[in-house]
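Subject: Structure handover

Hello,

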Amino acid sequence: MMISPALNILFAAAMIGPEAVAFTLVPAASLSRVTFAGSSKRHAGRDQKWDVGVDVANGVHPSVALVTPMGVRNMTTRGSGFIVDAEEFHLDSPSLYTYLITAAHVAAPGFDIGLAFPGESQNAPATVVGRNQTLDLALLRIDKSANVPPSLAIATDLPPTGTTAFAHGYPASRLRGPAMTSGIVCGIADGLGLPSSSSDDNNMMNAAFYPTGILQNNDPTTFVVTDAAMSGGMSGGPLTDANGNVLGVNALVRPDLRALGNYAVSVEEVKKFLADVQTVAKDTATAEEETNSLFEVFLFNDPMNKKQRVATVLEGVAQMNEKDANKVMMEAHTTGKGVIRSFHDRQEADQLCKALRKEDLLVEVQ
């Protein structure tokens, strides 16, 4: 697959070596939320700017997780995520679960998601609670542990140009734990402003990463643009200010803009997304009560698979007739996903999902 040079997604591409997913990291703090205001202590031989950066890293990084999606074709990729305050955003069962924001292209449909915080050597299984591919945001949930790291505070407003900014995440390299770069907020962008193109390269990229349209201009996403460098694997990590407040969610890089090409989805979009997740959760709960908990197996759009092969798998494994199989594939192609089958028993839905994944299909139970 060819990817347009005008846009580099910050997800570590294709296969990564096993050494890139094993980390020995620093233990997490036991605070309820990260809040600090610059350096309270100076270190001999270091200037003030360096000290502030050290404080930012020490305050933010315990709450930044390595996100490892594992899926079909034996692919193991990577991204980043960070903890948000479940109570502040009225997320379900905050005493039972820890919630994290990441990028939608990191928590892609059809993949199992694992999380590891600093100090953890094994991935904890995560559930995708919500996903908006138009905004490139996803919400993950894990079971709460006794040593849960603190949540990061979300900034109340869009940052003014010139605000000191720090980008955090797990680049695809041998760096020990999460990395951090620094710069300033260069401005706020409504959409990417890419030249319109109908090239095959752009169409393939859209279908592969953003089937419903972060690259479309009909309702552009608001981004915080910074010269704090981002790289593959940092997608989904936080862009923060010097006080550790989240200004945005690392999303993508436009190399053609050089230092001005680092884009993070703004906090305005994050707040809208979390509000929408709550609305959907309430509607789903009501629907489940009315339908006695309905679980649906979805097929997702996948340009890597040929139509005839997908049809053959649906007919053989899911026991669909040719007409219904074609209908599901058309829904997945036009809307991003299509319902293969509905179940009242979650275990039966999981079994079908597992069988279809073995056949290289991008499927998920919702």
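The notes below cover a barrel, a helix and some ring contacts.

This is a predicted model: local features need pLDDT of at least 70, side-chain atom pairs need pLDDT 80 or more, and totals for chains, interfaces and linings use all residues. Residues are numbered from 1 along each chain as its sequence is written, and side-chain values use heavy atoms, without hydrogens or water.

Six strands close a barrel in the order 3-4-5-8-7-6, with antiparallel pairing. Strands are DSSP E runs of at least two residues, helices H or I runs of at least four, both numbered from the N terminus. Pairing takes at least two DSSP bridges. Strand 5 (residues 97-102) and strand 8 (residues 137-143) share six bridges. T102 stands opposite A138 in strand 8.

Helix 4 (residues 307-316). Its buried residues are V310, A311, V313 and L314 (buried: under 20% relative accessible area, exposed: over 50%, partly exposed in between, 1.4 Å probe, protein chains only). Q308 and G316 are exposed on the face turned away.

Charges over rings. The charged end of R141 sits over the ring of Y97, 4.0 Å from its centre. K337 does likewise over F298, at 4.4 Å. The criterion is NZ of Lys or CZ of Arg within 6 Å of the ring centre and within 35 degrees of the ring normal. F298 is buried, at 9% relative accessible area.

Best regards
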